[in-house]
Amino acid sequence: MKVKTICAVIAVIALTGCEHSEEKPSIDNKTAEAICNAKESLPGGWAKSDVTPEAKKAVELVIKGMEKPAKLKKMLAVHSQIVNGVNYALEFQLENGTIWSAIVYRDLEGKYSITQMPIPGLFCDH
């Protein structure tokens with residue numbers, strides 16, 4: 001009897017360990033804090049930016065890569081970080097009313113790549 005119980009418990013534990021969970025992309029708290037609490041004068045740090053043509057190209061890349069076709073309604077905020085190129089932390093609203101955030105890197109040759117997939121909501125409370 002004990003052997004059957006032990007085998008049943010082991011089977012349940014093994015199956016629980018195999019359970020697939022769909023994790024939604026999220027940003028770690030340190031990155032969000034760095035973006036939201038940016039000090040303008042800190043070299044290499046994040047800074048609030050204007051919506052430039054480069055930032056618009058970055059958000060277009062993010063929207064193109066989203067699962068469902070979408071259109072940009074408006075840019076809510078842009079933060080940038082000068083590195084070996086530029087990181088853009090983008091907060092934007094789509095025409096359907098949903099709000100998203102993403103981070104895009106633009107290298108020195110002008111090539112864009114998404115480094116933080118779009119997540120629902122804002123990085124910062126505005």
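The side chains of Lys-111 and Glu-109 meet in a salt bridge, at 3.2 Å from N to O. This is a predicted model: local features need pLDDT of at least 70, side-chain atom pairs count only at pLDDT 80 or more, and totals for chains, interfaces and linings use all residues. Residues are numbered from 1 along each chain as its sequence is written, and side-chain values use heavy atoms, with hydrogens and water left out.

**Exercise 1.** Find how many salt bridges the structure holds, and state whether Lys-111 and Glu-109 are buried or exposed.

*Solution.* 
- Start with the rule: a salt bridge is a side-chain nitrogen of Lys or Arg within 4 Å of a carboxyl oxygen of Asp or Glu.
- The structure holds one.
- Lys-111 and Glu-109 are both exposed. Exposed means over 50% relative accessible area, buried under 20%, and partly exposed in between (1.4 Å probe, protein chains only).

**Exercise 2.** Work out what the side chain of Asp-107 reaches.

*Solution.* 
- Locate Asp-107: the loop between strand S4 (99-106) and strand S5 (112-120). Strands (E, at least two residues) and helices (H or I, at least four) are DSSP runs, numbered from the N terminus.
- Check for a partner. Asp-107 is buried yet has no salt bridge; Lys-111, the nearest side chain of opposite charge, is 5.3 Å away. Here Lys and Arg count as positive, Asp and Glu as negative; His and the chain ends are not counted.
- Turn to the backbone. The side chain of Asp-107 reaches the backbone nitrogen of Gly-110 at 2.9 Å. A polar atom of that side chain also lies 2.9 Å from the backbone nitrogen of Glu-109.

**Exercise 3.** Describe the disulfide of Cys-36 and Cys-124.

*Solution.* 
- A disulfide is a pair of cysteine sulfur atoms within 2.5 Å. The sulfur atoms of Cys-36 and Cys-124 are 1.9 Å apart.
- The torsion about their S-S bond is about -95°, so the disulfide is left-handed.
- Cys-36 lies in helix H2 (residues 29-36) and Cys-124 in the segment after S5, so the pair ties together parts 88 residues apart in sequence.
- Cys-36 is partly exposed, at 29% relative accessibility. Cys-124 is buried, at 5%.

**Exercise 4.** Name the residues with the most contacts inside the largest nonpolar core.

*Solution.* 
- A nonpolar core is a set of buried Ala, Val, Leu, Ile, Met, Phe, Trp, Tyr and Cys residues joined through side-chain atoms within 4.5 Å.
- The largest has 16 residues, and Tyr-88, Leu-90 and Phe-92 have the most contacts inside it.
- Helix H3 (53-64), strand S2 (72-83), strand S3 (85-94) and S4 each give two or more residues to this core.
- Another core, of seven residues, lies apart from it; Ala-89 and Phe-123 are among them.

Conventions:
A polar contact is a pair of N or O atoms within 3.5 Å; within protein, one must be able to donate a hydrogen and the other to accept it, and residues adjacent in sequence count only if both atoms are side-chain atoms.
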